[in-house]
Amino acid sequence: MTRKNSAIGRARHALGRYGLVVVLAGILIAIAVRDLSEEGSLVRLGDNLVAGLSNGSLWALVAIGYTLVYGIVELINFAHGEVFMIGSFVAVGLYSTFGLNPAVAVPLLVVGLLVCLVVTALASGTLNLMIERVGYRPLRNSPRLAPLITAVGFSFILQNVGLLWLGGSPVNVPDLIGSQSQLFEVAGVSVSHGDALAVLGATPLIVAVSLFISRARLGKAMRACAQDPDAARLMGINVDATISATFLLGGLMAGAAGLFYALYQTTVWYFQGFTAGLLAFTAAVMGGIGNLRGAVLGGLIIGIIQQMSDNRIGSQWTPALVFSFLVLVIVLRPQGLLGEQTRRA
């Protein structure tokens with residue numbers, strides 16, 4: 001009986017992890033067959049995947065902040081989406097400061113955008129660090145509801161800052177890179193400047209964060225604090241400083257995503273942080289909150305689902321489809337696609 005129960009448990013575990021992969025593969029195959037029969041090519045599917053991966057790369061950057069903070073202090077930082085929004089606003093404000101416009105020569109534009117990236121990331125990272133120092137650290141040993149409500153409060157505060165900054169309507173910003181212009185084409189599938197920027201901009205940052213967490217001394221301290229903060233403190237690790245560094249790192253990623261979003265969408269809005277935060281948090285939960293690779297995988301999956309739904313069904317159905325898949329993941333894999341990596345795992 002014990003062997004039988006063990007076999008059943010392994011079967012359920014395999015179904016939870018690989019059954020979801022089969023579901024996704026089956027959906028893509030069905031869409032491919034439909035496109036071949038109705039349109040005679042897979043160009044539409046390819047376009048959906050390219051746009052989905054570019055959107056998903058941005059959500060992955062934001063999701064990293066959620067998963068890092070939760071992994072080390074088990075706090076859902078609801079203000080993180082608004083930190084991303086402030087990053088976009090800072091980036092757009094720097095356009096005029098550095099004289100960036102579509103007519104600027106390409107070398108100068110690249111240098112200017114790199115400077116904008118550094119300044120924007122530092123601004124968002126510093127903001128996130130201040131939020132942790134002022135709002136979360138004094139409540140470190142309080143009941144869990146207190147920091148949670150504080151996070152919601154900071155979210156509304158930053159939303160109103162954005163509302164006062166640029167008003168309540170979406171604001172068009174200069175299209176510095178010709179976001180929708182075609183960069184190249186492969187088998188009829190077009191890749192735009194915006195698509196290339198999102199993927200090529202996010203990928204090095206994701207790799208750098210992953211290497212930092214796994215190899216750097218501070219990254220190892222973060223993992224130690226996530227596993228057992230009391231033991232880490234006994235080993236000489238400054239837990240408070242490590243937690244602050246985690247918030248700083250998450251804010252840096254949110255700021256970078258904010259710049260890429262402004263360049264990619266050419267529109268900023270005070271409410272964009274709510275939508276981005278919701279999707280990014282969903283990505284973190286889907287991949288296994290506390291798991292860096294899981295957050296990236298979840299972001300890419302959500303980006304693809306989002307684009308498929310917008311293009312084929314209608315944007316009004318997109319939230320329902322995204323959260324339907326999230327529910328499916330949670331039912332089959334409560335710890336997420338790649339598993340949870342926190343001290344409670």
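E74 is located in the loop that joins α2 and α3; helices (H or I, at least four residues) and strands (E, at least two) are DSSP runs, numbered from the N terminus. The model is predicted, so local features require pLDDT of at least 70 and side-chain atom pairs pLDDT 80 or more, whereas totals for chains, interfaces and linings use all residues. Residue numbers start from 1 along each chain as its sequence is written, and side-chain values rest on heavy atoms, with hydrogens and water left out.

**Loop residues with positive phi**

The phi angle of E74 is near 55 degrees, a positive value in a residue other than glycine. With a relative accessible area of 9%, E74 is buried; the term buried means under 20% relative accessible area, exposed means over 50%, and partly exposed lies in between (1.4 Å probe, protein chains only). A187 also is not a glycine and has a positive phi of about 55 degrees. This residue, A187, sits in the loop between β2 (182-186) and β3 (189-192), and its relative accessibility of 74% makes A187 exposed.

**Packing of helices**

Helix α2 covers residues 43-73 and helix α3 residues 80-97; they pack at an angle of about 140 degrees, and their axes are 10 Å apart. Here axes are lines fitted to C-alpha atoms, for helices over the stretch in contact, and angles run from 0 to 180 degrees between N-to-C directions. The helices α2 and α3 are therefore oblique to each other, given that angles under 35 degrees count as roughly parallel, over 145 as roughly antiparallel, 65 to 115 as roughly perpendicular and the rest as oblique.

From α2, the residues V62, G65 and Y66 make the contact, and from α3 H80, G81 and F84; contact means heavy atoms within 4.5 Å. The residues of this contact of α2 with α3 comprise three nonpolar, three polar and no charged. In this scheme Ala, Val, Leu, Ile, Met, Phe, Trp, Tyr, Cys and Pro are nonpolar, Asp, Glu, Lys and Arg are charged, and the others, Gly among them, are polar.

Helix α3 also packs with α4, at an angle of about 145 degrees and with the axes 9 Å apart. On the α3 side, the residues that meet α4 include H80, V83 and I86, and their counterparts in α4 include C116, V119 and T120. The contact of α3 with α4 divides into 10 nonpolar, five polar and no charged residues.

**Aromatic rings**

A search of the whole structure gives 10 aromatic pairs. In one of them, the ring centres of Y136 and F247 are 5.6 Å apart and the planes stand at 45 degrees, so the pair is tilted. It links distant parts of the chain, since Y136 belongs to helix α4 (residues 106-136) and F247 to helix α9 (residues 239-265), 111 residues apart. Rings of Phe, Tyr and Trp (its six-membered ring) pair if their centres lie within 6.5 Å; planes under 30 degrees apart count as stacked, over 60 as edge-to-face and the rest as tilted. Further, W269, Y270, F271 and F274 form one aromatic cluster.

N160 lies in helix α5 (residues 145-166).

| Residue | Relative accessibility | Class |
|---|---|---|
| Y136 | 3% | buried |
| F247 | 1% | buried |
| N160 | 43% | partly exposed |
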